[in-house]
Each structure stands twice: as structure tokens, then as C-alpha cells.
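Colleague: Please put the model up, and then I will ask about its salt bridges and pockets.

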Amino acid sequence: MSFEFEIVARDGSARAGILHTPHGDIPTPVFAPVGTSGTVKAVPPRDLRALDIHLILANTYHLYLRPGDELVRDMGGLHRFMNWDGPILTDSGGFQVFSLSEINEIDDHGVTFRSHLDGSVMRLDPAISMAIQQNLGADIIMAFDQCPPPDEREEVSAAVERSHRWLARCREAHPNDDEQALFGIVQGGVFPDLREKSARFVSDMDLKGIAIGGLAVGETKAEMAATLDHTLPCLPDGVPRYLMGVGEPDDLVEGIRRGVDMFDCVIPTRLARHGAAFTHDGRINLRNARFKRDEAPLDAHLNNYTSQFSRAYLRHLVVAKELLAYYLLSLHNIDFLARHVENMRRAIIEGKLQKYAAQFLTRFMRPPEAHP
RNA sequence: GUGGAUGUAGCUCAAUGGCAGAGCACCUGAUUGUGGUUCAGGCGGUUGAGGGUUCGAGCCCCUUCAUCCACC
């Protein structure tokens, strides 16, 4: 059992690689759909395999609250529990503590909070997060960090220091990377000096992977790109870089062309729940009345299971709040992002990433009124 | 046929005789380390019809139409 990362091709700053994990190899760049409660909502493993998904993210915070990490452990671990035999990544639970729960107290040791489910008082700190993630048994686990608003310097600076101390404690609590690889997380908001400082600190920890956190949380796309420009050159070359919580199709382009290897995002399934779909001509909102009698499939340039249904029918399912709407749109949106990343991997190997990126962005970012 | 009640936005309903409103629906937009939510904005009216009183009527008076209920 090992976590080796091989880089198989480069195109400028972008890389294509293979990450070996106990549950299989992950071709990178890779996009990981996110699942609450240990499963990708509305899309079963059978479909994810059919879509050639190589990695999924499961949420530590959600599983900790329900059904509980010890139950998952007793049921044979997350892979067996959700019947997914491919690689799994768990987040630390920290982000949701800050975004979903009512914080009671944050101190240098950890966070006391109230569950958003039943209001009960809970505690999370580096050691607890490591223990939970060990019980869950994912292939890749994340350090417990603090993700503040990205543009308040004092708060960001304090969060960087705190996240660094917490990373050291995670390292102590999780010395064995053979079965589970621990990834550290770079913070620093939109401030270049803080990012550089954090990147160097995390790089010195000799981790199996390094994540860039604290982005896609309210800053502009230009700020995110600039932050990546400041951060990625400070990271070691031979270690996978993971941009957390990203993202939208254009963000994946910007990340990959700068050398990001891994992404996760809720957006394909969240958009599905909101009745929206990715297409090569941009995002569409199926609630729009203009699709009422549209017989075309969602995206003429992406053939998948959902293609056999008309936009008019899918719109009807969305408006009627039918469960099938969430399923079909999730399937389509996950497929869109997976194929998009796969195309970029192939383009890197062929030395044509910039050409692909330019063509993709030109179409995808066209103003809506120009769409067919 | 008699008595009573009710007629206001697509729907359900507000509005001392003083700028005709809300919720839902409909039409847009937002949502980036998951709760289908939520948020922001927009369209929407000859107050059933006709007449009268009044400075001013959705509201008061008369006529009429429609719907519902009760009783012949």
C-alpha cells in the first residue's frame, strides 16, 4: 500500500499524473464530486463508475453528526458502508463547522459548536478530526484547519498561524500515511505574503498532498487566479496539489493551467437541485420559460444518459420538483465536469492544453444572449 | 320564488370613507471543502357590471349579474 504520485506529462505549468491509492489509481487532474452522509446525493456508485469517476469526497462533519463515525467504522468503513470501492477523500469537518453550525467557542485547541441537526453541543479539534477520519477510513484525509473570510487580513493571519499549529497536531495524531494519506492545507486569504508563508510551512511538513484552502469563498475570480499564481510556485513539484471547493468549469481551467491536480465541488449536484445544467455554451437554467417546448437535449456536444430527454421534459421535471430531475441533472453535470477535466488531461499529454482552454472558454463564457 | 352570504392580482385573502397590498403562483438573477433551502429583483388590477352620495368610494346607497347556503 502506498501513495505515490507520478507525473506523466507537462504542458507549461500544467501536469498530468497518476496518484496511486489503496483503492486504485487516480488519473490527474481529477474532479471529485462531493457527497453528504457518505454518498453522492442522488447518484449511486453504479452511475459514478459508468461516468468514470475516480475519486469522491465524503463529508466528515455530516458523517460525524449522522450516523456517527463509530457506526461507520463498525459497519466496515466508508467504502463498504456506501458500497463504493474506489478512492475516497474526506474533508476535516472544519469548513462545515464554520459554515453550517452555530459556533460557541473557537480557541487554540479547537472549536465547540452546536449541531445544525439537533442543536447538541459538539467539539472538533485536530485530534478528534483525525480520529473521526480514521474511523471513516477514506484513502485521503484532510488536516483540520480554519477557513476565514479571505479579505480580512488580521483574521486571515491569525487563521494561518492557527491552521499551522493544528496541522502539526494532525501530523502527530496521524503518523501513518500507508493506509491513509494526510494532506495539509494552505491558507492566507487573498494576501500574497500570507499565502507564500503558509505554502512554505505546509511544504516543509513532508505531506502526501497539499491543498489550497480558503478560496472560492467570496473573493473574485481574478483574486482567486492571482492567489493561485502566488501560491503554486511555492509548493513542491512532486506532490499532488488540491484546490478545495473548486469549482466551476472555467475555474477548473484556470486551476489546471497553473498546475492544480485535484478538485472537489458541490456545484454539479447543487446546480442540479436548482434546476441548472452545464453546457458547452455556458450554464443554463432549465426553469427559464424559453425551454418550455425545447426538444433539444441539454448539450448537443455531450452525449450521455440524460441526452435522451428533451430540455422541455427536464424543465417539466424541475418545475414539478420531481426526484428524477435531481438525478438526471446531477448525472449530466457530474459527467460534464469529469469529461472536461479528462479532456484537459488528454490535452496536457498532447501538449495542447492552451488551445483546448482557449476554445473551451470562448464558448463557455459567451454572454447568454449569444447562446443557441 | 323567498331570505342570507360572498364577489379585490392566475390562486387564497387583506385594506376607520383618504397613495389597492400580502402570501403563493408566474418571470429573471445569485448560490464554489453539499441539505431540495435561502436571498435579491420583476410582471401582474377599470376592486363583477351600471348608476348615485361625497372634496374623495374597494368600503355608504340604488339597480343588475354571478356564485354559494338555507327555506319553499
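Colleague: Are R15 and D261 buried or exposed?

Modeller: This is a predicted model, in which local features need pLDDT of at least 70, side-chain atom pairs count only at pLDDT 80 or more, and totals for chains, interfaces and linings use all residues. Residues are numbered from 1 along each chain as its sequence is written, and side-chain values use heavy atoms, with hydrogens and water left out. Buried means under 20% relative accessible area, exposed over 50%, and partly exposed in between (1.4 Å probe, protein chains only). On that scale, R15 and D261 are both buried.

Colleague: How far apart in the chain are R15 and D261?

Modeller: Their side chains meet in a salt bridge at 2.9 Å, N to O; the term means a side-chain nitrogen of Lys or Arg within 4 Å of a carboxyl oxygen of Asp or Glu. R15 is in strand 2 (residues 14-21) and D261 is in the loop between helix 10 (249-257) and strand 14. Helices (H or I, at least four residues) and strands (E, at least two) are DSSP runs, numbered from the N terminus. The pair thus links distant parts of the chain, 246 residues apart.

Colleague: Which parts does the salt bridge between R366 and D281 tie together, and how many residues apart are they?

Modeller: The closest N and O atoms of R366 and D281 are 2.6 Å apart. R366 lies in the segment after helix 14 (353-364) and D281 in the loop between strand 15 (276-279) and strand 16 (282-285), so the parts tied together are 85 residues apart in sequence.

Colleague: Which helix gives the most to the lining of the largest pocket?

Modeller: A pocket is an open set of points on a 1 Å grid over the protein atoms alone, where a 1.4 Å probe fits, with protein on both sides within 12 Å along at least five of seven lines; lining residues have an atom within 4 Å of a point. The largest pocket is lined by 50 residues, and those nearest its centre include F95, Q96 and R270. Five residues of the lining come from the top contributor, helix 11.

Colleague: Which helix supplies the largest share of the lining of the second largest pocket?

Modeller: The second largest pocket is lined by 13 residues, with P27, P29, H54, A338 and E342 nearest its centre. Strand 4 and helix 13 (323-350) each give two or more residues. The largest share, six residues, comes from helix 13.

How values were computed
Chains are lettered from A and ligands numbered from 1 in the order in which they are written.
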